[in-house]
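Here are some friendly notes to read with the model open beside you. Take the points one at a time, and find each residue on screen as you go.

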Amino acid sequence: MSGLPLFVLAGLVFVLFGALVSAAVVRAFAADIRRWAPRDRHRVSTLVAALPLIIGATLMLASSLPAVISLFVPSLDHCTQHDDVHAHLCFVHVPHVHPSAFVAGALVILCAYGLFRAARAIVRIAHGLRLVRALAASAEPRHDLGASVIETARPVCFAAGVLHPRVLISRGLLDVLDDGERRIVLAHEQAHVARRDAMVLGIVRALTVFHLPSVGRWILDELTI
C-alpha cells in the first residue's frame, strides 16, 4: 500500500480512535453531564459530536507535520536516507505497506459500513428538510405572534429552517393555550431560532456518522430533550 490509500487508511484509523475516545468520555461522564444546566449540556454534546473529527485531524496533522515542513524547508528533512519504517506520514518517501487479507477485509467492511451510515443520515436529513419546506410553504405568517401558523388540529410548535429559521405553530395548539402560555411557548422556540439550533442539529446529526451508534444516539437525545 502506498500513496493516497495509505493516507486514507491513516485518516480512518485516527477518526476511529477519536470515536473510541468519545465513547469512553460519554461512558465516564454521561451521568454527570445529565445533572448540568441545559445550555452546558447542549455545548458539551455538540463538542462530543465533533470530537472524532477533531482528534482525527489533530493526529493527522501531528503525524504529517514533519513531512509538510520538509516540503518547504528541505534542509529540515530528517528522512532523506532510511528504510520504509516511518514514525510519521511522509509525502516524499512513502512507505510501502502490504496489509494482510484480514486487515484489508476489515478496512473494506469499515468503509462500507461508514458509507451506509452516511447515506442513511443524508436521506434522513433530506427528508426532514423537504417536510419542513412543505409545512413552511403552507403556513400563514403571523407577525403579531412572530411565527407562522399551520392549519392542523395537532398541537405542535417548533423552530425549523437552516438558513432562514422561523417558528411554526399549529392552529390546534393556539386554540388550547392562554395568552401567558402562548408567550412562553413562542419565546422558547424563538430562542431556538436565535441560536440556529435547527442548523446545529443537522450538522450534529451528520457528525454522528463518525461515532459508535450508541454514542450517536446519546448525543442526539441530549440535543433534542
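What pattern does the protein chain follow, read along the sequence? The answer is α-α-α-β-β-β-β-α-α-α-α.

1. **Before you start.** This is a predicted model, in which local features need pLDDT of at least 70 and side-chain atom pairs count only at pLDDT 80 or more, while totals for chains, interfaces and linings use all residues. Residues are numbered from 1 along each chain as its sequence is written, and side-chain values use heavy atoms, with hydrogens and water left out.

2. **The parts list.** Helices (H or I, at least four residues) and strands (E, at least two) are DSSP runs, numbered from the N terminus. Of the 225 residues, 32% count as buried; buried means under 20% relative accessible area, exposed means over 50%, and partly exposed lies in between (1.4 Å probe, protein chains only). Among contacts with a separation of 6 or more, 57% come from residues 24 or more positions apart, where contact means heavy atoms within 4.5 Å.

3. **The sheet.** In what order do the four strands form their open sheet? The order is β1-β2-β4-β3, with mixed pairing. Two strands pair if DSSP finds at least two bridges between them. At the edges are β1 (140–142) and β3 (157–160), each of which pairs on one side only. Ignoring direction, neighbouring strands are turned by 30° against each other on average.

4. **Two kinds of pairing.** As background, strands of a sheet pair through backbone hydrogen bonds, either parallel or antiparallel. Strand β2 (residues 147–150) runs parallel to strand β4 (residues 166–170), and three bridges join them; look for V149, whose bridge partner in β4 is I169. By contrast, β3 and β4 pair in the antiparallel sense over four bridges, and here F158 has L168 of β4 as its bridge partner. The hairpin of β3 and β4 has five residues between the strands, and G161 in this hairpin takes a positive phi near 110°.

5. **A helix across the sheet.** Helix α5 (residues 179–195) lies across β2, β3 and β4, running at about 15° to β3. Axes here are lines fitted to C-alpha atoms, for helices over the stretch in contact, and angles run from 0 to 180 degrees between N-to-C directions.

6. **L145, in a loop.** L145 lies in the loop between β1 and β2 and counts as buried because its relative accessibility is 11%. Leaving aside neighbours within four places in sequence, L145 is in contact with L174, R182, L186 and Q190. R182 is 37 residues away along the chain, yet the C-alpha atoms of L145 and R182 are separated by 8.9 Å.

7. Most residues other than glycine have a negative phi. R196 is not a glycine, but has a positive phi of about 55°. You will find R196 in the loop between α5 and α6, and at 34% relative accessibility it counts as partly exposed.

8. **Two helices side by side.** How do the axes of helix α6 (residues 197–207) and helix α7 (residues 213–224) cross? They come within 10 Å and cross at roughly 170°, which means α6 is roughly antiparallel to α7 (the term is used for angles over 145 degrees). L201, V204 and R205 of α6 meet I219, L220, L223 and T224 of α7.

9. T208 is found in the loop between α6 and α7. Buried or exposed? T208 counts as buried, at 7% relative accessibility. Its side chain reaches the backbone oxygen of R205 at 2.5 Å. Not counting residues up to four places away in sequence, T208 touches R117, G216, I219 and L220.

10. S45 lies in helix α2 (residues 38–72) and counts as buried at 0% relative accessibility. A polar atom of the S45 side chain lies 2.8 Å from the backbone oxygen of R41. Beyond residues up to four places away in sequence, S45 touches W218, I219, E222 and L223. R217 lies in helix α7, but R217 counts as exposed, at 52% relative accessibility.

Conventions:
Angles under 35 degrees count as roughly parallel, over 145 as roughly antiparallel, 65 to 115 as roughly perpendicular and the rest as oblique. A polar contact is a pair of N or O atoms within 3.5 Å; within protein, one must be able to donate a hydrogen and the other to accept it, and residues adjacent in sequence count only if both atoms are side-chain atoms.
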